[in-house]
Amino acid sequence: MPKNFWRNLKKPIVCLAPMDGYTDTAFRRICKKVNPNIIVFTEFTSADGIFHNAKKVKEKLNFDPSEQPIIAQIFGKDEKTFLAATKVCEEMGFAGIDLNMGCPAKKVVKSEHGIALRKKPDQAFRLVETVAQNTKLPVSVKTRLGWNDAGDLIDFGKGVENAGADLIIIHGRTYTVPYNCEANFEPIYELKRNIKIPVIGNGGIASIQDGLDKLDNLDGFMIGRASFGNPWIFSPVIKNLTFAQKLPIIKDHINYLVESKGQNRAMFEIRKHLVAYVKSFPGASEFRASLVRVENPQQAFEILEKIAKI
Ligand SMILES: Cc1cc2nc3c(=O)[nH]c(=O)nc-3n(C[C@H](O)[C@H](O)[C@H](O)COP(=O)(O)O)c2cc1C
């Protein structure tokens with residue numbers, strides 16, 4: 001996609017947030033089935049791993065053509081490895097590259113990746129510049145309000161913009177604020193008033209309507225955890241589906257996961273999703289114990305079909 005991809009997209013832009021361990025190709029495919037107009041991102045993928053040609057890391061970037069336009073999200077701190085990752089993302093046919101500057105995980109921060117780059121803004125801007133100058137693809141940055149507060153958000157946004165980023169995505173929490181605290185969108189609106197590139201807001205959005213209510217002057221919003229067990233959240237029209245009506249998409253999820261990761265890994269990884277699918281369904285709790293033990297798709301389908309008949 002050209003550099004003006006984000007600018008030219010129909011507004012508001014609605015995205016599935018990148019979530020490691022959840023938003024793999026199978027989950028992204030079903031979200032795109034529900035609403036083909038959303039933009040999806042890969043789980044964060046190590047630029048160092050790509051640079052060292054680690055098979056398992058590169059596998060994380062696999063996607064299905066139906067996910068296009070799909071954005072690759074990479075993390076790291078080193079210009080050399082970001083450049084190698086940029087080339088790989090281009091060759092694989094990604095529509096854009098997103099640089100993760102928000103991950104708060106201990107291991108990531110200790111390696112000076114993710115949110116740690118907010119402590120070294122010059123290095124962050126150098127990384128953006130290096131990637132932006134060496135690719136035809138649009139480059140974005142996903143970060144948080146800041147470390148302890150949003151005091152440097154506007155400076156950071158301007159720096160990222162000057163370095164050549166085409167979009168900035170802000171999760172409305174700081175590094176120090178836990179996930180169960182409400183996200184604060186005010187500093188994101190203020191950032192938007194101070195920069196020219198598109199801005200996407202994220203954090204605690206519970207539905208498309210909630211995203212629209214919080215949109216204000218922003219160009220779009222990104223939904224994360226509210227999509228667990230609920231890819232239908234992305235539909236502006238579908239409401240109050242019965243479990244039987246949900247079944248075809250859940251079955252697709254299982255099939256796509258087996259297709260992409262093989263049966264053993266798929267049946268292990270699907271368990272957390274199955275639990276999420278039945279979470280809010282009255283009467284399904286007794287099936288939960290068996291759902292977390294499924295060993296093949298057929299077993300899962302049988303249990304799900306029983307639940308659909310409740
Ligand atoms: C399990 C999990 C994994 C995540 N992995 C990533 C990731 O790989 N890259 C990223 O930029 N953010 C990641 N995030 C943050 C989300 O993209 C998003 O910013 C955050 O969940 C807030 O949005 P929400 O309140 O709608 O969930 C992750 C969040 C969760 C809960």
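How many nonpolar, polar and charged residues does the shell around the ligand have? In this predicted model, the shell divides by class into nine nonpolar, nine polar and four charged residues.

The ligand is surrounded by 22 residues, and the closest are Ala17, Met19, Phe44, Gly224 and Arg225.

Next, select strand E4, residues 70–75. The strand is mostly covered, with six of its six residues buried.

Strand E2 (residues 39–41) pairs with E4 in the parallel sense over two bridges, and phenylalanine 41 stands opposite isoleucine 71 of E4. Strand E3 (residues 45–46) also pairs with E4 in the parallel sense, over two bridges; here threonine 45 stands opposite isoleucine 74. Strand E5 (residues 96–101) pairs with E4 in the parallel sense over four bridges, and isoleucine 74 stands opposite leucine 99 in E5.

Finally, select helix H11 (residues 243–261) and helix H14 (residues 297–308). Their axes lie 10 Å apart and the packing angle is about 170°. Angles over 145 degrees count as roughly antiparallel, and H11 and H14 are therefore roughly antiparallel to each other. To view the contact, show Phe243, Ala244, Leu247, Ile250, Lys251, Ile254, Asn255 and Val258 of H11, together with Pro297, Ala300, Phe301, Leu304, Ile307 and Ala308 of H14. These contact residues comprise 12 nonpolar, one polar and one charged.

Conventions. Residues numbered from 1 in each chain as written. Predicted model: local features only at pLDDT ≥ 70, side-chain atom pairs only at ≥ 80, totals over all residues. Near = placed C-beta within 6 Å. Nonpolar A, V, L, I, M, F, W, Y, C, P; charged D, E, K, R; others polar. Axes fitted to C-alpha atoms, helices over the stretch in contact; angles between N-to-C directions. Parallel < 35°, antiparallel > 145°, perpendicular 65-115°, else oblique. Contact = placed C-beta atoms within 7 Å. Buried ≥ 20, exposed ≤ 12 C-beta atoms within 10 Å, placed from the backbone. Pairing = 2+ DSSP bridges.
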